[in-house]
Amino acid sequence: KMEAVGRLAAGIVHDFNNLLTVMEAGLNLLEKQLNQDPTNPKVFALFEELRKRTRNGGALAQQLLAFSRKQPLNPEIVDVNARIEGLSSLLTSTLGHNVKVRHELDQALGEVFVDPNQLDVALLNLAVNARDAMDGGGTLTITTSNVRNITEDHGHKPGLFVRVTVTDTGCGMSKDVLARVFEPFFTTKGDSEGTGLGLSQVYGFVEQSGGDVRIDSEVGKGTSVHLLLPRTKAPQPTG
Ligand code: ADP
Ligand code: MG
């Protein structure tokens, strides 16, 4: 039990490190922007973005601590596309210039009722995994779409979902690895690099939100992680 607590603490440190990487990339971007044109409104947008990230640090710690005592999420109606757009400059700088980032966002996407900070953390966790899997570079694609009834076969009620897919062109996973990825502390990375808590956070968040996570992966080809988030009830047609 003590060992588990120690590993959890190490996990929090690791995820905070990831967050700091993101913050550092953001600060570098800010410096560049300030050097080029300090009056550019992008400067203020970046400040605001970094402030939000700092607040998310607290949310991250809470989510990780939820392993020991379940913490309630703070769901609200979220525009997933807007959330992804909001993350994009930080995602790009976190992934580095060897990774191309593409968005394929369905403009008629439904709304979902989830904790927006946890959604950000989940997307960042997926991006960090993708970066690790694409050592020499590649492409990360984030796709959104509306899907129907998709989780019927998984014991979930049929319904409408927003599907967010994060696809990388990385090393992919073997069947054995794939079978264990959601286990807390399962990692194939070195001691100081992996904690095995990234996909646990993703799974915990999506499950608690009433959704589902699916992964398609092929060794040598790449990986797609699909987050299925239940849609809020569509508004009644008015006329
Ligand atoms: P960590 O990244 O700390 O190892 P995660 O829970 O995020 O922990 O992932 C668990 C394991 O799943 C990783 O160690 C890796 O083996 C595998 N994995 C996760 N995402 C990917 C990916 N996009 N491509 C290849 N392997 C992955
Ligand atoms: Mg990870």
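In the predicted model, a polar side-chain atom of asparagine 129 is placed 2.8 Å from an oxygen atom of ligand 1, a polar contact being a pair of N or O atoms within 3.5 Å. Aspartate 168 likewise has a polar side-chain atom 2.8 Å from a nitrogen atom of ligand 1. Glycine 196 contributes a polar backbone atom, which lies 2.9 Å from an oxygen atom of the ligand. The protein covers 94% of the 540 Å² of accessible area that ligand 1 has on its own, with areas computed by the Shrake-Rupley method with a 1.4 Å probe.

This is a predicted model, in which local features need pLDDT of at least 70 and side-chain atom pairs count only at pLDDT 80 or more, whereas totals for chains, interfaces and linings use all residues. Residues are numbered from 1 along each chain as its sequence is written, chains are lettered from A and ligands numbered from 1 in the order in which they are written, and side-chain values use heavy atoms, with hydrogens and water left out.

The shell around ligand 1 comprises 19 residues, of which the closest are Asp168, Thr187, Thr188, Lys189 and Thr195; a residue is near the ligand if one of its heavy atoms lies within 4 Å of it. Helix H4 (116–133) and helix H6 (198–208) each supply at least two residues of the shell; helices are DSSP runs of H or I with at least four residues, and strands are runs of E with at least two, numbered from the N terminus.

Strand S4 (residues 138–148) pairs with strand S2 (residues 99–105) in the parallel sense over seven bridges, where pairing requires that DSSP find at least two bridges between the strands. In this arrangement, valine 99 stands opposite glycine 138 of S4. S4 also pairs with strand S5 (residues 160–168), in the antiparallel sense and over nine bridges. Here the bridge partner of asparagine 146 is valine 162 in S5.

Phenylalanine 185 is located in the loop between helix H5 (175–178) and H6. Although phenylalanine 185 is not a glycine, its phi is positive, at about 75°. Most residues other than glycine have a negative phi.

Terms used: A polar contact is a pair of N or O atoms within 3.5 Å; within protein, one must be able to donate a hydrogen and the other to accept it, and residues adjacent in sequence count only if both atoms are side-chain atoms.
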